[in-house]
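Reader: Can you walk me through this one? I'd like the fold before the details.

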Amino acid sequence: MIVKITNFDENVRIPFIDYDVLGLSAEQMNYLNENLSDETSINEDILRIRVYFEEVFPFQSDVAKIKLDDFIAREEIEMNAFLSGFLEDM
């Protein structure tokens, strides 16, 4: 499974991050699409997830603004771990 952040915006009323998830089977994509509480959609072989952050946005700190690539990579790894664990319940 490959998780990539494709977009994010912290300057809206409710900040969000968009993720594209690749390398899943059709069964895995459908399971996640139907069972995740976040906004999801499937576009061919890509699962798209939009996560809203009402409290703490991961990229809001001053350090994150300086090392944004590092924070994006960490967030992609964390989402990969979360989805892997979620799929264990499949």
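**Fold and core**

Author: The chain has three helices and four strands, taken as DSSP runs (helices H or I, at least four residues; strands E, at least two) numbered from the N terminus. This is a predicted model, where local features need pLDDT of at least 70, side-chain atom pairs count only at pLDDT 80 or more, and totals for chains, interfaces and linings use all residues. Residues are numbered from 1 along each chain as its sequence is written, and side-chain values use heavy atoms, with hydrogens and water left out.

Reader: What pattern does the chain follow along the sequence?

Author: The pattern reads β-β-α-β-β-α-α.

Reader: And how much of the chain counts as buried?

Author: Of the 90 residues, 32% are buried, meaning under 20% relative accessible area with a 1.4 Å probe, protein chains only.

Reader: Which residues in the largest nonpolar core touch the most other members?

Author: Tyr19, Ile49 and Leu83, in a core of 21 residues. Such a core is a set of buried Ala, Val, Leu, Ile, Met, Phe, Trp, Tyr and Cys residues joined through side-chain atoms within 4.5 Å. At least two core residues come from each of strand S1 (2–9), strand S2 (16–22), helix H1 (26–35), strand S4 (46–52) and helix H3 (68–88). H3 gives the largest share, five residues.

Reader: What is Tyr19 in contact with?

Author: Beyond neighbours within four places in sequence, its contacts include Val3, Ile5, Leu47, Ile49, Glu75 and Met79; contact means heavy atoms within 4.5 Å.

Reader: Switching topic, what box do the C-alpha atoms fill?

Author: Roughly 40 × 25 × 25 Å, along the principal axes.

Note on methods: Buried < 20%, exposed > 50% of the residue type's maximum accessible area, 1.4 Å probe, protein only.
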